[in-house]
Amino acid sequence: MTLTSPPILLSLIVFLPAVGALVIGLLPKGRDELFKQVALAFTLVVAALTLYLALPGQPGAGADSARFLLGTAQMQHAFSIPWIESFNIYYALGIDGISLPLILLTSFLSVLAMGASWTIDKHVKAYCILFLLLETGMLGVFMALDFFLFYVFWEVMLLPMYFLIGVWGGPRREYAAIKFFLFTMAGSVLMLVALLALYFNSDLNQLGPAQLAASHLHETVVERYDPSGTAEPQHTFNLLALAHQGQSENSPFSQLLVGGKSIQWWAFLLLLIGFLVKVPAVPVHTWLPDAHVEAPTPISMILAGVLLKMGGYGIIRICYPVCPDAAYELAWLVCTLGVISMVYGAFAAMAQTDFKRLVAYSSVSHMGYVVLGLGVWSISGSTGMTGDYWKMGMNGAMFQMIAHGISSAGMFFLVGVIYERVHHRNLDDFGGLFGRMPVYTGVSMGIFFAALGLPGLCGFIGEILVVLSVWNYSQVLAVISASVMILTAGYILWTLQRVYLGPEYKGPHGDEIRPITQRELAIAAPLLAFAIILGVYPKAVFNYMAPSVNKLVDDLGQARYGNDYSGGIEKQTGSVERIEPAENELALREISPHREEAGQP
Amino acid sequence: MSFLSFLSQPVSLSHYLIVGAVLFVCGIVCMATKRNAIGVLMGVELVLNGAAVNFVAFSSPFLRADSQLSLGLDGHLITLFIIVLAAAEAAVALAIALCYYNTHATIDVDEGDELKG
Amino acid sequence: MELATLLPLLLLLAWLLPLASFTLIVFAGPRLGRAGHKAGYVATGAIGISLFLSLLALACWLWHHPLTPSHHAETHAAASDDPADPTHERSEHEQSAPHTGSTASPLTGDWYTLAEFGSLRLTIGYYIDALTLGMFVMVSLIATCIHVYSFGYMHEELEDVTDPLASPSSGKPLVRAGRFHRFFQYMSLFCFSMLGLVVAGNVAMVFVFWELVGICSYLLIGFYIERKSASTAANKAFIVNRVGDFGMIVGLMILFGALGTFSFGDVAQSDGTVRKGIFSQVRPAENEHQLIVPDGLIRMAAASQMNSIYASVPSNEEAEELIGRRVAELRKVGTGYWLLVLAGLGIFCGCVGKSAQFPLHVWLPDAMEGPTPVSALIHAATMVAAGVYLVGRFYPVFAPEVLLTIACVGCITLFVAATIAITATDIKRVLAYSTVSQLGYMMFSLGLGGWAAGLFHLFTHAFFKALLFLCSGSVIHACHTNEMPEMGGLRKKMPWTAWTMLVGCLAISGAGIPAMLGMKGFGLSGYYSKDSILAQAFSVASQSQTYGWLFYVAAGGAAITAFYMFRLWFMTFAGSPRNQHVYDHAHESPASMYVPLVILAFFAVVAGWKLPSLNLPDLLEQARPLGTAEGISFAGEIAHPELPAEHRSHEETLHRTVSWIAFGTALTGFAIAVLFYLLRIFNPETVRKWLAPLHAFLIHKWFFDELYEYAFVKPTLLLSQVAAAFDRLVIDRLADGSARFCVTVARLDDVIDRYVVDWAANGIGRLTYRIGLWLRQVQTGQLRQYVVMIAVSTVALFLLIVVCRNLMLFQ
């Protein structure tokens with residue numbers, strides 16, 4: 001075991017921020033600058049470690065290398081250590097192409113948000129401690145392979161967020177913090193119910209040996225494995241094992257529960273609501289504008305950049321793999337909610353006069369793309385039963401999460417920059433910033449154009465992939481989702497006009513407007529750089545992400561359609577020239593009907 | 001049985017008991033009527049003595065028909081105990097009376113009702 | 001080097017150079033010389049080299065595919081005269097169209113893959129044919145001229161600028177720093193985007209650069225960001241374009257969802273296979289490149305049938321075979337055809353937005369808020385023509401119904417815009433409406449099957465309209481006003497500008513001498529292109545009377561064009577000065593401005609000339625999409641337009657008639673303009689009074705802005721308010737309400753605790769206390785009472801016991 005062996009490195013990444021919080025806790029009080037420096041140092045180290053994790057590794061590097069194996073769809077570097085064995089709860093972590101980009105996003109945004117925290121001057125020590133604890137929670141959620149552990153991290157992240165909004169927020173911070181807390185808690189409770197329902201219906205003994213091996217279970221669990229069918233059921237919280245169970249033909253989750261619906265139907269619904277609260281989708285989104293308006297700038301960045309992604313991550317990591325049949329049945333619900341969020345968020349954003357509220361509603365609208373992209377079940381006979389369109393949608397949705405993480409964090413930061421100078425956010429009281437803060441305006445335009453979905457910037461790729469994939473699922477939803485881009489252009493350009501353009505600044509504190517500082521530029525510029533890089537070279541993300549996402553789609557297709565599903569095989573979509581059989585051969589075949597031919601032994 | 005016949009009979013347990021009872025009642029009456037603390041103390045002594053007579057009488061083998069069921073020396077011992085106790089009590093009571101006099105300049109028990117609830 | 005590797009390389013370089021210039025200016029803009037004036041050299045140098053490279057590419061192309069005079073059209077004429085004999089037509093076709101003849105096959109390929117999923121991919125590629133090269137040269141040529149022109153026009157931006165049109169609240173004119181380098185930065189980005197759009201090998205890439213030119217247009221319209229009107233116009237332009245793009249996205253979704261590809265042409269892959277493009281799926285070689293509904297669209301339209309086939313057959317191979325036969329049956333009954341129509345309409349929708357066609361034409365006149373070189377380059381010559389270019393490029397996919405729609409939209413646009421141009425007094429707005437009108441002509445022509453004519457007009461129009469705009473810019477530069485009623489008599493002050501602009505006016509009016517007395521016709525570029533459009537319309541009208549009105553509207557439009565163009569010229573340059581102050585300060589522009597005018601005037605004259613080895617019509621004929629030469633005989637589902645082949649319009653008799661009609665109409669327009677504005681025989685004021693309601697209608701631009709304001713903008717804002725209010729008033733209230741309900745329940749809990757449970761506990765305590773209080777009365781402190789009480793109690797107890805015992809005994 002060296003420092004780079006997966007259990008050590010992954011645990012280090014998750015818990016190093018918590019260690020940092022402890023260190024800051026032990027430091028003597030009153031030295032605000034030091035606390036911030038220590039916290040920044042810890043986030044930097046974590047970011048460096050995650051970067052190391054993302055370096056492409058060699059396939060045969062052995063157990064001591066935790067570098068990412070590109071092109072591998074399976075879970076990597078997974079390990080499992082007993083935690084509460086009597087309830088089959090294990091400390092299990094692992095990464096794959098779905099989680100790694102989000103982990104990178106988290107650690108990267110944490111560094112930038114900590115940099116943006118330099119203006120915090122109230123209870124700095126507590127702030128830094130809570131901030132680091134929050135980071136631990138977020139990273140843990142993205143790495144956990146045990147459902148219970150996932151749940152624990154989920155809750156761990158909730159509390160620091162509550163305090164960060166409730167103590168360091170704006171005038172209505174208590175209201176916003178409690179609203180945030182209650183909404184999320186309500187979601188968590190539903191998740192807990194689903195978690196227990198799945199746990200008590202799971203049975204490791206029903207898995208095949210190969211699936212068991214692929215689930216990265218602890219060895220004592222493997223020893224107890226008894227597929228004879230007579231043994232006591234062995235419950236599990238392991239997400240991979242649960243997914244295998246959900247996708248198997250005789251899934252225990254398909255038993256009927258209440259209302260003529262199966263366990264997985266209910267579990268899917270409960271989990272979906274729980275995660276949609278976090279995304280957030282209409283109609284459980286109203287905590288977001290309030291939380292954003294009240295939260296301090298760095299917390300808004302984290303909230304929009306990372307926390308919202310957990311909802312999407314939960315859907316793709318838990319809802320879909322564990323409950324595929326329910327996912328198929330309820331795809332209409334997911335997609336409809338996604339489209340409603342897109343349209344509704346865009347409309348609501350247009351009506352806002354508070355700059356931050358507008359950005360918050362734009363988040364609702366943009367995260368709608370994520371929900372829609374995850375939801376489209378675009379496999380159908382019309383495209384030769386390939387999952388390609390669905391893969392495109394799901395990859396697009398995942399990309400949109402990263403893209404939105406960058407653009408929304410950037411937007412919130414930029415709003416924060418101007419708020420620090422003029423102490424108001426009223427859109428009608430800005431104007432003329434172009435002349436006063438040219439660099440700031442340039443960066444803002446870039447970031448806002450990224451949110452607008454301008455080609456060449458990151459927002460475009462996610463949006464276009466999602467929208468293009470929808471047509472084969474539902475044509476009505478596709479048309480509505482395409483129309484959102486008009487609204488998006490409307491509210492973003494209108495905002496730009498009101499804030500940056502015009503002859504002069506109209507609001508109060510005009511004399512305090514000064515050009516962007518080096519520190520602020522050092523935070524905004526990387527965001528803009530990433531927005532451009534991902535927009536021009538999206539493969540930087542897809543290289544990591546696509547194999548895992550594609551495998552998920554193939555697994556779901558297999559689980560749903562069995563032999564009919566043909567994965568990524570290029571079929572009769574007409575795009576590839578096929579060698580057509582000679583005409584007389586075709587005529588010969590037509591003589592004998594196919595069905596009977598197939599029926600003969 | 002008439003009172004006179006009672007007097008004419010040989011001395012038996014009943015007679016002792018009557019003496020004890022008379023002593024007891026006298027003591028009670030004395031306690032209830034005397035306002036002087038010393039008087040009250042004397043009443044107490046009477047009551048004690050009434051009780052002591054009863055004990056002695058009950059424990060005497062001569063006075064009891066069921067003498068084979070004698071209680072031994074228990075009655076006598078308790079009587080002795082009562083006498084000692086009476087002495088001790090008198091000492092304490094007199095000390096109290098002195099203290100009482102010190103504070104109230106009298107030993108009229110009606111004057112002291114500080115222990116009223 | 002082979003043509004197939006050399007051309008993409010040359011164009012790639014030519015395409016990326018402006019991007020490099022943009023990047024350089026972004027990072028080093030203000031530091032490039034004093035006030036960033038060297039940024040102009042960087043940008044001009046980049047686009048100049050692009051021009052050189054594209055000329056080189058065109059030369060290489062022509063070296064390999066020399067132009068053949070379009071006589072093959074005549075050979076076809078015989079074939080189309082006898083449409084009843086399909087075998088004859090087919091054999092004719094196989095001989096000429098696909099492999100031999102003048103049609104050189106385009107070069108296709110991918111440079112870069114943005115993303116791929118299974119068989120689906122988003123790529124950056126190229127589709128190079130004669131049309132691409134022609135557009136490339138035209139764009140870079142005009143862009144170079146306009147870059148040079150901008151040195152003069154934008155020189156004010158080198159100093160601090162006083163902007164009289166920005167209105168700060170203080171009332172004083174705003175003084176701001178110059179933004180010379182920023183102008184060239186945007187121009188470079190635009191050139192990059194526009195060239196990308198031209199070279200694009202797939203329709204997704206077109207969309208990417210479509211959006212990018214849109215944002216450049218946004219930035220340049222809003223160049224004077226201090227002016228509210230400028231930023232509003234910029235927003236309007238972008239948002240209206242997005243409305244069109246919405247349709248385009250729908251079209252993209254249909255095509256991509258069904259065909260799995262965006263590529264125009266077939267693209268060879270690195271593994272040796274060939275991925276079929278959209279064109280060869282819609283017009284497969286097996287079907288003589290005639291339009292059929294591709295398999296994918298049929299499968300999409302009958303998705304449920306496909307699903308049930310898959311569900312009913314165990315193996316996928318068998319299912320595919322069954323589906324193959326089902327698709328053939330469904331094709332016969334027309335399944336999926338409406339999807340093809342919808343896809344075409346969707347793509348055209350994008351073109352309507354970009355090319356400012358009715359009903360999305362409203363943004364273009366407002367876009368004149370930008371600096372004049374921008375109007376010339378983006379809003380006259382190149383970007384707005386991109387819609388026409390895309391219609392031309394995507395021509396093979398359009399079903400007859402779509403073409404008919406295109407023709408009607410073009411016809412309406414050309415007429416509406418022309419009428420508005422009559423009353424406009426802002427010199428740039430007149431030109432803007434004229435642009436809209438001319439773009440309408442192009443669409444009109446494409447829709448009626450005049451593919452080459454429409455694109456021909458695109459090229460000639462680009463030259464003369466850029467020229468006209470630059471001339472107007474020169475005038476504005478001299479007069480500091482846009483209003484024509486302030487001008488007059490300027491030809492003496494600015495001869496270069498005046499005479500080059502006259503060339504432009506003549507070109508746009510289609511001035512020329514029609515063929516007569518055995519001589520061929522001769523004229524300026526507009527003469528040729530407009531004549532061929534009208535000839536095609538006439539050819540259509542002569543074939544079916546249903547569409548005859550289209551020709552008359554177009555011919556009427558030509559008269560109006562001549563009228564308002566000469567009105568413009570007379571009002572500006574002829575007569576006597578109307579505003580002496582303006583006249584006194586007017587001066588000829590510097591050489592950097594009038595040299596480009598001369599160059600463009602040269603092209604405006606010669607662009608239409610039919611030189612034997614280099615001329616536009618034959619170049620375009622090389623790029624004609626396969627299978628479109630014969631016109632449209634494919635009957636649609638909804639409409640059945642019979643569009644005759646374009647070469648029919650070249651027939652001697654027909655063409656001569658049309659030439660004379662065109663000449664007549666243009667002359668009429670010119671004559672009226674002369675009567676009104678040069679000789680002043682009629683007074684425009686009196687006519688205005690006669691036709692007051694009509695004048696109001698036109699001066700308000702047919703009330704389109706007001707209509708849209710009330711039909712779309714206000715409802716959208718209202719809806720957004722409703723959404724926000726719904727959040728605040730319903731969802732938030734629900735959430736708050738449920739929270740308040742919980743609080744209420746908690747309060748109730750609290751009340752029960754306090755008034756029931758606590759009351760009981762405290763009550764018992766209090767009762768005990770009371771009893772104690774009552775009992776303490778016994779404690780008198782009287783020693784003697786105690787004694788009596790003891791005695792009495794003892795006796796009483798004794799009695800009680802006795803009584804009780806007796807009672808028990810007697811029971």
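Predicted model: local features only at pLDDT ≥ 70, side-chain atom pairs only at ≥ 80, totals over all residues.
Residues are numbered from 1 along each chain as its sequence is written, chains are lettered from A and ligands numbered from 1 in the order in which they are written, and side-chain values use heavy atoms, with hydrogens and water left out.

Consider the interface of chain A and chain C. Here 80 residues from chain A meet 84 residues from chain C, where contact means heavy atoms within 4.5 Å. The size of an interface is often given as the accessible area lost when the parts come together. For chain A and chain C this buried area is about 7,300 Å², with 64% of it on carbon and sulfur atoms; the term denotes the accessible area (1.4 Å probe) that two parts lose on being put together, summed over both.

Two salt bridges link chain A and chain C, a salt bridge being a side-chain nitrogen of Lys or Arg within 4 Å of a carboxyl oxygen of Asp or Glu. One of them joins Lys179(A) to Asp732(C), whose closest N and O atoms are 2.7 Å apart. On the side of chain A that touches chain C, helix H20 (residues 475–499) gives the most, with 14 residues. Helices (H or I, at least four residues) and strands (E, at least two) are DSSP runs, numbered from the N terminus.

The interface of chain B and chain C can be described in the same terms. It brings 14 residues of chain B into contact with eleven residues of chain C, and the area buried is about 990 Å², of which carbon and sulfur atoms give 59%. The rule finds one salt bridge here, formed by Asp110(B) and Arg784(C) with their closest N and O atoms 2.2 Å apart. Helix H2 (residues 13–33) of chain B gives the most to the side that touches chain C, with four residues.

Within chain A, strand S1 (residues 76–84) and S2(A) run antiparallel and are joined by six bridges; two strands pair if DSSP finds at least two bridges between them. Gln76(A) has Ile95(A) as its bridge partner in S2(A). Four residues lie between the strands of this hairpin, in which Asn88(A) takes a positive phi near 55°. In strand S2 (residues 89–95) of chain A, seven of its seven residues are buried, that is, under 20% relative accessible area, whereas exposed means over 50% and partly exposed in between (1.4 Å probe, protein chains only). Ile89(A), Tyr91(A), Leu93(A) and Ile95(A) point one way from S2(A), and Tyr90(A), Ala92(A) and Gly94(A) point the other way.
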